Amino acid sequence: MAERGATIPRLDLVDREAVGSSITLTAVGDIGFAGRPGAKGLQDAADRLFGGIRPILEKGDVVFANFEGVLSSRESDAGLFVTSPKWAGILADAGFSVLHLANNHVLDLGPEGLVSTFRAIEGAGLIPLGVGSSVAGALGPVF
């Protein structure tokens, strides 16, 4: 436990030119689609959600987010964070490239929902993290 009055170590940030190859990593927090967003107008909903940040996302070489939810065509009241698999393509079009899936909502529709989410993410050309078609795939590095 820290002593009362203890100081936080100083952190120096240095802005310098890259040496050699470099990439730009852009990361956002959780993405969760509650209540089947855009059921009547998918593109309109996507523009409202991502239109303001799309220029920022498009600048990233790797664009990461934690996807809190399930992508499934199955109608269900079981999970608040359940939406259409079409949203995988919307996320790719918005600029995302890597989605972390190992979180508390990925099993809202059980194993079937997990498989549906994984397939939709991969089908949209996105890289899923934390789940895979095998344990080694889920735990292994991604290049």
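Two strands count as paired here if DSSP finds at least two bridges between them. Keep that in mind for this model, which is a predicted one.

Strand β2, residues 62-67, and strand β5, residues 98-100, run parallel and are joined by three bridges.

Strand β1, residues 25-31, is parallel to β2, with five bridges between the two. Ile 31 has Phe 67 as its bridge partner in β2.

On the β5 side, β5 and β6 are also parallel, again over three bridges. There, His 100 is opposite Leu 129 of β6.

Put together, that is an open sheet of four strands, ordered β1-β2-β5-β6, with parallel pairing. At the edges are β1 and β6, the latter covering 127-129, and each of them pairs on one side only. On average, neighbouring strands are turned by 20° against each other, ignoring direction.

Next, the helices. Helix α4, residues 110-123, lies across β2, β5 and β6, and runs at about 145° to β6.

Then helix α3, residues 86-94. Which of its residues are buried? They are Trp 87, Ala 88, Ile 90, Leu 91 and Ala 94. These sit on the same side of α3, because they cover an arc of only 160° around the axis. As a general point, an α-helix has 3.6 residues a turn, so residues three or four places apart point the same way. Exposed residues Lys 86 and Asp 93 are on the face of α3 turned away from the buried side. After α3 comes Gly 95, with a positive phi near 120°.

Technical notes
Residues are numbered from 1 along each chain as its sequence is written. This is a predicted model: local features need pLDDT of at least 70, side-chain atom pairs count only at pLDDT 80 or more; totals for chains, interfaces and linings use all residues. Side-chain values use heavy atoms; hydrogens and water are left out. Buried means under 20% relative accessible area, exposed over 50%, partly exposed in between (1.4 Å probe, protein chains only). The arc is that of the directions from the helix axis to the C-beta atoms. Axes are lines fitted to C-alpha atoms, for helices over the stretch in contact, and angles run from 0 to 180 degrees between N-to-C directions. Contact means heavy atoms within 4.5 Å.
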